[in-house]
Amino acid sequence: MGQPEERESGEHDSGGAVQPELPPGQRLQRGWPVTHYGPVPKFRSERWEFRVFGATADGEKRCWTHEEFAALPYTTVMADLHCVTKFSMLGAEWGGIPARTILRIAPPAPAVTHVMVWAEYGFSSNLRLADFASERTILATHKDGELLTAEHGFPLRLVVPHLYAWKGPKWVRGVEYMTADRRGFWEERGYHNVGDPWKEQRYSYQEEPGDGPEL
């Protein structure tokens, strides 16, 4: 299949009324529900580090302390969040470090096709390299100008606006470069390997040849 289509949170006319554009099967959410699996980790800045490892261009692992990571160039992205549980939160401002910045300062080897994003407690989510490299994919520290709360992923969560929200884990601790695809936590448990909300790719039984490795 081709690359997922990136869409802004547009609007369209429906019977004369302006309505937000939502992916199929989604409903508009006011506010931001807390959804996650397992406990909320306790943040300790002196123990926290962000790692890039795996098939790096120079074969070396790269690590940042929390202070070093927070000093990387900051940007904002206006983007929606589409949860596989069928709510969509539109027009949030996400602030943080673009994924492209990580790819630039710790580049992958030429053979890399996918990344595994690792979070606290060994949680993981796999992405195609092109999805991680999107200009709108961001390692977010803020939402709407405010630091993320612990329940919503502080100090760091990945936001991949054109995919379902589970593809962007909370409490991110590192990125592994991979030369072949490997399923992450939810992808091993029946969720779609790609997760494009505009194609309503929710579950693994919907996968087509080429969407992911065999379960």
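**Figure 1. Cavities in the predicted model.** Three cavities of 30 Å³ or more are found in a search of the whole structure. Here a cavity is a set of points, on a 1 Å grid over the protein atoms alone, where a 1.4 Å probe fits but cannot get out; grid points are joined across faces, edges and corners, and a volume is the space filled by probe spheres set on the points. This is a predicted model, in which local features need pLDDT of at least 70 and side-chain atom pairs count only at pLDDT 80 or more, while totals for chains, interfaces and linings use all residues. Residues are numbered from 1 along each chain as its sequence is written, and side-chain values use heavy atoms, with hydrogens and water left out.

**Figure 2. Lining of the largest cavity.** The volume of the largest cavity is about 60 Å³. Its lining residues (those with an atom within 4 Å of a point) include Asp80, Leu81, His82, Tyr164 and Lys167. Two or more lining residues come from each of β6 (75–82) and β12 (157–159), strands being DSSP runs of E with at least two residues, numbered from the N terminus. The greatest contribution, three residues, is that of β6. By class, the lining holds eight nonpolar, two polar and two charged residues (nonpolar: Ala, Val, Leu, Ile, Met, Phe, Trp, Tyr, Cys and Pro; charged: Asp, Glu, Lys and Arg; polar: the others, Gly among them).

Figure 3. Rings of Phe, Tyr and Trp (its six-membered ring) pair if their centres lie within 6.5 Å, and planes under 30 degrees apart count as stacked, over 60 as edge-to-face and the rest as tilted. By this rule there are twelve aromatic pairs. Phe185 and Trp186 form an edge-to-face pair, 5.0 Å centre to centre with 90° between the planes. Phe185 counts as buried at 15% relative accessibility, whereas Trp186, at 24%, is partly exposed (buried: under 20% relative accessible area; exposed: over 50%; partly exposed: in between; 1.4 Å probe, protein chains only). The pair of Tyr191 and Tyr203 is tilted, because its planes stand at 50°, with ring centres 5.6 Å apart. These two residues are twelve residues apart, both in the segment after β13 (172–178). Tyr191 is partly exposed at 21%, as is Tyr203 at 31%. One aromatic cluster has Phe185, Trp186, Tyr191 and Tyr203 among its members, together with Phe123, Tyr164, Trp166 and Tyr205.

**Figure 4. Arginine charges over phenylalanine rings.** A charge sits over a ring if NZ of Lys or CZ of Arg is within 6 Å of the ring centre and within 35 degrees of the ring normal. Arg189 lies over the face of Phe185, 3.8 Å from the ring centre. The charged end of Arg51 is placed over the ring of Phe53, at 4.5 Å from its centre.

Notes:
Helix = DSSP H or I, 4+ residues; strand = E, 2+ residues; numbered from the N terminus. 1 Å grid on protein atoms, 1.4 Å probe; cavity = no way out; pocket = protein on both sides within 12 Å on 5 of 7 lines; lining within 4 Å.
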